[in-house]
Amino acid sequence: MIPAWLHIIAILSLGMGLVSAIVIIIAEMRDPQHMWIMNVVWPLFALFASVAALWLYFRYGVLASHGTMMPAMENNKTPPNKRFTPFGIMVAKGTAHCGSGCALGDIIAEWLVFFVPAIAVWLGYPSFFSEKMYATWILDFILAFGFGVVFQYFTIKPMRDLSVGQGILQAIKADTLSLISWQVGMYGFMAIAHFLIFKDLLDAELTVASVEFWFMMQIAMWCGFVTSYPVNMWLIKTGVKEKM
């Protein structure tokens with residue numbers, strides 16, 4: 001049985017994530033990000049990072065807003081986001097960029113399988129996988145990778161002035177290891193939540209149509225952030241990914 005306190009914490013955590021995303025959207029409407037894809041990245045990041053995303057956005061994210069960037073660019077100065085953002089924060093922004101694509105892919109995949117159970121059957125449940133979760137993870141990965149490459153494309157292409165084909169190739173190169181490392185952390189925690197915390201300890205099912213599932217997903221996203229951060233640091237240091 002799921003305890004009442006866990007249910008309440010899940011509602012509060014999800015509510016904070018939603019409010020944080022809305023606050024960022026309002027701020028972006030007033031002064032959009034100079035790179036338009038970041039207007040999508042920041043609210044998606046806030047859905048699971050909550051107040052941490054708010055702090056990161058209003059402390060460093062606004063340095064890359066259109067209103068802040070344009071005066072520096074018009075005067076041929078180094079953009080403020082690169083002048084005043086520590087390298088560790090640049091890595092965090094790059095990791096959040098990857099995580100936002102993962103988050104969008106995971107949200108869509110989980111609800112698709114929930115509303116269209118046949119998808120899980122097509123992906124091997126129960127003929128190959130004993131748990132529907134594993135079949136869903138396949139769709140999770142496909143969509144997360146797809147969105148991740150799209151997000152990277154719209155970051156790398158304008159910054160490097162690449163052709164469409166070159167932009168896609170570089171986006172795949174930049175996002176593959178980052179995404180895999182993110183999904184390792186995320187899948188790892190969701191397996192712990194599904195089998196150990198809910199099945200063994202609480203004797204309950206962790207279902208998509210519950211606030212507890214999405215609360216666990218918020219935590220899983222943080223685990224993905226932790227496992228992906230060092231990979232993003234290496235990718236940025238070697239120039240595979242751009243500093244943000």
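What percentage of the 244 residues in the protein chain is buried? The share of buried residues is 47%, where buried means under 20% relative accessible area with a 1.4 Å probe on protein chains only.

## About the model

This is a predicted model, in which local features need pLDDT of at least 70 and side-chain atom pairs count only at pLDDT 80 or more, while totals for chains, interfaces and linings use all residues. Residues are numbered from 1 along each chain as its sequence is written, and side-chain values use heavy atoms, with hydrogens and water left out.

## Overall fold

Let's start with the whole chain. It holds ten helices and zero strands, and along the sequence the pattern reads α-α-α-α-α-α-α-α-α-α. Here helices (H or I, at least four residues) and strands (E, at least two) are DSSP runs, numbered from the N terminus. The radius of gyration is 19 Å, close to the 18 Å of the globule rule for 244 residues, so the chain is as compact as a globular protein of that length. That radius is taken over C-alpha atoms, and the rule is 2.2 Å times the number of residues to the power 0.38.

Along the principal axes, the C-alpha atoms fill a box of roughly 60 × 40 × 30 Å. Of the contacts (heavy atoms within 4.5 Å) with a separation of 6 or more, 74% join residues 24 or more positions apart.

## The largest pocket

Now for the largest pocket, which holds about 420 Å³ of space. A pocket here is an open set of points on a 1 Å grid over the protein atoms alone, where a 1.4 Å probe fits, with protein on both sides within 12 Å along at least five of seven lines; lining residues have an atom within 4 Å of a point. Points are joined across faces, edges and corners, and the volume is the space filled by probe spheres set on them.

The lining has 21 residues, and K132, M133, L206, T207 and V208 are the closest to the pocket centre. Two or more lining residues come from each of α6 (87-115), α8 (132-160), α9 (164-202) and α10 (211-237), with α8 giving the most, at five.

## Helix α9 and its end

Helix α9 bends by about 35° at D175, the angle between axes fitted to the seven residues ending there and the seven starting there. Just after α9, D203 has a positive phi of about 55°.

S100 sits in helix α6 and counts as buried, at 0% relative accessibility. Neighbours within four places in sequence aside, S100 is in contact with V41, L44, F45 and F151.

How values were computed. Buried < 20%, exposed > 50% of the residue type's maximum accessible area, 1.4 Å probe, protein only.
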